[in-house]
Amino acid sequence: MTQDELKALVGQAALAYVVPGSIVGVGTGSTVNCFIDALATMKDQIAGAVSSSIKSTERLLAHGIPVLDSNEVTDIPVYIDGADEIDPTGCMIKGGGAALTREKIVADLAARFVCIADASKLVDVLGNFPLPVEVIPMAAQQVMRRFASTYGGEARIREGVTTDNGNVIVDVRGLRITDPLAMEAEVTLWPGVVTVGIFGRHKASVCLLGTEEGVKTLTFGG
Ligand SMILES: O=C[C@H](O)[C@H](O)[C@H](O)COP(=O)(O)O
């Protein structure tokens, strides 16, 4: 199966986690695009969506799925999103598409995080994928210096990218993130950091992995 077919497979499988009548939390990325297309087939059975990016909002609206303002929503049963890496405990690196901040905001509204990905995203230790950090532009150099002195790795500003919130993305290569919760807690405190792309406090409850043998379900509690 191609990567696109694996993404379509898990996008379709995620429909089983959508609670009828509810508002669905929708992530961002190529895998989520497959989910949005599948969700369109049951749009009459949901109350709408809360979206994590302008791109996902546009795709949802193009399918006629109503998108609610996150400020009008207090809680949702399920958030469905992709990931760049997933470790064996369900912690993830996200933000390859620069949507990490809004993704964490919507994930925080949700009782469960259903991660959809192809099997290549499952890793033993996070960090092979460059860690995205959304940073207020005036703090970019300061945050990159602090990363180098605290954790090492090689930090670079992602060229040509401005987030939906008007900020830059710093990508940090060469990390080995053995304690995602500790790094997430620490980096989140640095002035100028809006969001670090470690999803440890908002880790996956369930992960639907696309494999040659079909969808493999991993559960991490919750
Ligand atoms: O900012 C983007 C998100 O965190 C995506 O969920 C992540 O990059 C995975 O995207 P894709 O499904 O395209 O691999």
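**Figure 1. Overall fold of the protein chain.** The protein chain holds 6 helices and 14 strands, where helices (H or I, at least four residues) and strands (E, at least two) are DSSP runs numbered from the N terminus. Its radius of gyration is 17 Å, close to the 17 Å that the globule rule gives for 222 residues, so the chain is as compact as a globular protein of that length. The radius is taken over C-alpha atoms, and the rule is 2.2 Å times the number of residues to the power 0.38. This is a predicted model, in which local features need pLDDT of at least 70 and side-chain atom pairs count only at pLDDT 80 or more, while totals for chains, interfaces and linings use all residues. Residues are numbered from 1 along each chain as its sequence is written. The C-alpha trace spans about 50 × 40 × 30 Å along its principal axes.

**Figure 2. Domain 1 and domain 2.** The domain assignment gives domain 1 (3-123 + 201-219) and domain 2 (131-196); such bounds come from an automatic or database assignment. In domain 1, 14 residues are in contact with 13 residues of domain 2, a contact being two C-beta atoms, placed from the backbone, within 7 Å. Helix α4 gives the largest share of the side of domain 1 that touches domain 2, 4 residues. By class, that side has 6 nonpolar, 4 polar and 4 charged residues. Ala, Val, Leu, Ile, Met, Phe, Trp, Tyr, Cys and Pro count as nonpolar, Asp, Glu, Lys and Arg as charged, and the others, Gly among them, as polar.

Figure 3. Of the 17 residues around the ligand, Gly29, Thr31, Gly82, Gly96 and Gly97 come nearest; a residue is near if its C-beta atom, placed from the backbone, lies within 6 Å. Two or more residues of the shell come from each of α2 (30-39) and α4 (100-109). The shell divides into 4 nonpolar, 9 polar and 4 charged residues.

Figure 4. Glu103 is found in helix α4 and counts as buried because it has 33 C-beta neighbours inside 10 Å. A residue is buried with 20 or more other C-beta atoms within 10 Å of its own, exposed with 12 or fewer, and partly exposed in between. Leaving aside residues up to four places away in sequence, Glu103 touches Gly27, Thr28, Ser52, Asp81 and Lys94.
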